[in-house]
Amino acid sequence: MSHIRIRYSTIEFRKFDIHVRTLRDKQQFSDPEGEASKLGISSATWPFFGIIWESGIHLANLMEDHPVGGKSILEIGCGIGLASLVLNHRGANITATDYHPEVKVFLDENTHLNKDPDISFVRTSWDDHLPNTLGLFDFIIGSDLLYEQEHPGILASFINRHAKKKSTALIVAPQRGYSCRFMKHMTEFGFNHSVNQHKLFTGKTLCFTR
C-alpha cells in the first residue's frame with residue numbers, strides 16, 4: 001500500500017466534523033499479494049472502496065440526526081464508511097461490512113483520526129451466510145449498492161437474513177435502474193417501502209419497514 005496516493009480531508013456536518021483518509025483518486029491500485037484479484041476485484045474497480053461518493057455523503061447527512069438510541073445498526077458495502085463514522089461519532093451501536101480487503105485498514109485509521117472507538121467490521125459478500133458472526137439488526141443502511149443486474153436479489157436476501165423481524169432499512173440509490181426490482185424483492189420478504197427524493201441529491205432514498 002505504500003506507493004498509492006492518499007488524501008486527508010474534513011467533511012463538515014452541521015454539528016461536528018469528520019476527518020477522513022481516502023484514496024487520492026480512482027487511478028490508485030495496490031494488490032501485491034493478489035488478495036483482491038482472488039476475490040474477483042479487478043484493477044479497474046479496486047479503488048472504488050476508497051473514494052467518497054455523492055450517495056455516501058447523502059447517507060451520512062441523513063445519519064447525523066437519525067434516531068439511533070438502543071438500535072443495532074448495520075452498514076452494508078460501507079467502503080470508506082462515512083455514514084458509519086458519523087454514527088460511531090454519535091455513540092451508536094454500528095457494525096460495518098464490505099467485501100474489499102482494504103476497507104478495515106482505512107476504517108480503523110479513520111476512527112482513530114476522529115478519536116473515536118473502533119467500529120466493529122466484518123468482511124463479507126452478500127452471498128455469505130454468517131448468522132452467528134454478523135447477527136441480526138434493528139436498522140440496516142447502505143448507499144450506491146445496486147449497480148449490477150444480480151444485485152437487487154442478492155442484496156434483498158442479505159438484508160432479510162440480517163434484519164430482525166421488526167426492522168428498518170434505508171438504502172440511498174443513484175439513478176441506475178435497479179431500484180424497482182430491488183423494492184419488489186424486499187416486498188416479497190415482508191417489507192413495506194417508501195421512496196424519498198431530494199433537491200440536492202440526484203438519486204433517491206428507499207425506506208423499508210416491517
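Biologist: Why is helix 3 described as largely enclosed by the rest of the structure?

Modeller: This is a predicted model, in which local features need pLDDT of at least 70 and side-chain atom pairs count only at pLDDT 80 or more, while totals for chains, interfaces and linings use all residues. Residues are numbered from 1 along each chain as its sequence is written, and side-chain values use heavy atoms, with hydrogens and water left out. Helices (H or I, at least four residues) and strands (E, at least two) are DSSP runs numbered from the N terminus, and buried means under 20% relative accessible area (1.4 Å probe, protein chains only). Helix 3 is largely enclosed because, of its eight residues, seven are buried.

Biologist: Which residue takes a positive phi just after helix 3?

Modeller: The buried residues of helix 3 include Leu82, Leu85 and Asn88. Just after this helix, a positive phi of about 90 degrees is taken by Gly91.

Biologist: What covers the buried residues of helix 4?

Modeller: In helix 4 (residues 103-113), the buried residues include Phe106, Leu107 and Asp108. Among the elements that cover them, by contact (heavy atoms within 4.5 Å), are strand 2, helix 3, strand 4 and strand 5.

Biologist: Which are the edge strands of the open sheet?

Modeller: The sheet has seven strands in the order 5-4-3-6-7-9-8, with mixed pairing, where two strands pair if DSSP finds at least two bridges between them. Those that pair on one side only are strand 5 (120-123) and strand 8 (192-198).

Notes:
Buried means under 20% relative accessible area, exposed over 50%, partly exposed in between (1.4 Å probe, protein chains only).
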